Amino acid sequence: MYAQTANTGYLPSVLRAFALSLAFAFLGTMAGVYIPPALFLPLVILELAMLIGAFFLRKKKAISYTFLYSFTFISGITTYPIIAHYIATSGANTVLMAVGTTAVVFGGLAFYATTTKRDLSFLGGMLMAALLALICISIFHMIWPLSSTALLAFSFIGVLVFSGYVLFDFNRMKQYGVSAEEVPLMALNLYLDFINLFINILRIFGILASDD
């Protein structure tokens, strides 16, 4: 019982690292204004390579704070074109609404996941299968663009999947604790949950705004 309490004591450290990750991502988004368009694709490839590397390193708990903040800064840069697109097509209010909605949804799910007595680890397998399906559809969309209706449905499913991951990640930390070495990894998980939830919510708002 003591070990469980000691481990969950690192949750505030995870939340601080997560908040700093969002700050670095915001700085990256601001820096994105000054990045030449030709550099965005190499940065996306670098971001994907780092993400794949993080996937293989997670079992060794070898992710450092430097890796975490470097990744989130680059992620902020690569998110800039998406945000710029929706500001241009739907207006800044749509982006602000998406940020606010994401924060409320994320916060509500985090509160539930850390206060419920239920162990939600059973969600892991289903969420991984759904995530792989989303990745396959995303690749398909790059080659054969989806219609706005199909993209709207895809985005709603994305919101459900990443909402599930918010529940899963917070509940896992509550149920099984967090070691000091795992703090950057857990913060990275929460960042990925948040940013993907935001992008899907922003896409929904953008599609609905364009249909008005």
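Modeller: Start with the words: helices (H or I, at least four residues) and strands (E, at least two) are DSSP runs, numbered from the N terminus. This is a predicted model, where local features need pLDDT of at least 70 and side-chain atom pairs count only at pLDDT 80 or more, while totals for chains, interfaces and linings use all residues. Residues are numbered from 1 along each chain as its sequence is written, and side-chain values use heavy atoms, leaving out hydrogens and water.

Biologist: Which residues does UniProt give as "transmembrane region"?

Modeller: The unreviewed UniProt entry puts that feature at 14–33, 39–57, 66–88, 94–113, 120–144, 150–168 and 188–209; such annotations may be inferred rather than shown by experiment. In the model, residues 39–57 are 95% helix and 0% strand, with end C-alpha atoms 27 Å apart. Residues 94–113 are 100% helix and 0% strand, and their end C-alpha atoms are 28 Å apart.

Biologist: How do I read two packed helices?

Modeller: You describe them by the angle between their axes and the distance between the axes. Here, α4 (residues 65–90) and α5 (residues 92–115) have axes, lines fitted to C-alpha atoms over the stretch in contact, with angles from 0 to 180 degrees between N-to-C directions, that come within 6 Å and cross at roughly 125°. The pair is therefore oblique, meaning not under 35 degrees (roughly parallel), over 145 (roughly antiparallel) or 65 to 115 (roughly perpendicular).

Biologist: Which residues of α4 and α5 make the contact?

Modeller: From α4, Ile-83, Tyr-86, Ile-87 and Ser-90 meet Ala-92, Thr-94 and Val-95 of α5, contact being heavy atoms within 4.5 Å. That gives five nonpolar, two polar and no charged residues (nonpolar: Ala, Val, Leu, Ile, Met, Phe, Trp, Tyr, Cys, Pro; charged: Asp, Glu, Lys, Arg; polar: the others, Gly among them).

Biologist: And pockets?

Modeller: Rolling a probe the size of a water molecule over the atoms shows where empty space is left. A pocket is an open set of points on a 1 Å grid where a 1.4 Å probe fits, with protein on both sides within 12 Å along at least five of seven lines; lining residues have an atom within 4 Å of a point. The second largest pocket holds about 390 Å³, the space filled by probe spheres set on the points. Among its 19 lining residues, Phe-26, Thr-29, Ile-83, Val-99 and Phe-198 lie nearest its centre. The largest share, seven residues, comes from α4, and the lining has 15 nonpolar, four polar and no charged residues.
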